[in-house]
Amino acid sequence: MLIHYWVPLMRKRFFDLLVSVTLIVFFMPLMLLISIISYIVMGSPVLFRQLRPGLKGKLFTLYKFRSMLDIKDCLNELLEDQSRLTKFGKFLRKTSLDELPQLWNVVKGDMSLVGPRPLLLEYLPLYSAEQNRRHEVRPGITGWAQVNGRNCLNWEDRLRADVWYVNNYSFMLDLRILALTFLKVLKREGVSEEGQATMSKFTGNSDEK
């Protein structure tokens with residue numbers, strides 16, 4: 001039983017390392033170029049860092065290329081995302097290039113190439129017991145929800161898709177998701193919810209309100 005449990009995990013981890021290191025080497029010139037342009041457009045820091053819950057809810061620091069300015073109102077509160085998103089930031093998000101630094105998260109073991117997206121820490125107490133099962137696997141750069149609507153999905157469907165992945169994981173499913181992700185990125189589909197920089201915040205389950 002232990003062999004049947006550990007072999008798929010070891011194969012997944014080996015695949016993650018092989019692909020992520022290869023992609024880091026391949027995209028290094030592009031990441032350097034993005035860093036330079038980002039510094040010119042938005043200043044320092046170039047990277048956006050934020051604590052997110054990962055496997056078993058363990059916190060880790062997620063990395064992304066910064067896409068928004070730190071513009072605050074008269075009360076010293078950050079403006080809404082849509083107001084702070086730069087043109088270059090919109091380009092990074094539409095092409096998903098802002099996600100490239102997460103390859104380092106994969107190498108470190110915080111994330112996998114495929115898995116439920118790591119969401120905000122503030123959402124943890126809002127999940128149902130079933131939705132919280134999304135943390136039974138490492139979070140991913142892409143996932144089942146991302147190839148089935150991405151940010152255009154409502155929260156219930158998105159979290160349901162995450163749990164479906166946990167229940168149906170296989171190496172072939174991961175390969176399918178990666179192939180579909182490539183097509184989605186080329187078509188730039190589902191990047192944002194209408195009227196939002198990405199999507200509206202999760203505020204809990206409707207049946208619990």
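**Exercise 1.** Which residues does K201 touch, not counting residues up to four places away in sequence?

*Solution.* The model is predicted: local features need pLDDT of at least 70, side-chain atom pairs count only at pLDDT 80 or more, and totals for chains, interfaces and linings use all residues. Residues are numbered from 1 along each chain as its sequence is written, and side-chain values use heavy atoms, with hydrogens and water left out.

Step 1. Take contact as heavy atoms within 4.5 Å. K201 then touches L120, E122, Y123 and W155.

Step 2. Look at E122: its side chain and that of K201 are joined by a polar contact of 3.5 Å (a pair of N or O atoms within 3.5 Å; within protein, one must be able to donate a hydrogen and the other to accept it, and residues adjacent in sequence count only if both atoms are side-chain atoms).

Step 3. Look at Y123: its C-alpha atom is 8.8 Å from that of K201, and the two residues are 78 residues apart along the chain.

**Exercise 2.** Is K201 buried or exposed?

*Solution.* Buried means under 20% relative accessible area, exposed over 50%, partly exposed in between (1.4 Å probe, protein chains only). K201 has 53% relative accessibility, so K201 counts as exposed.
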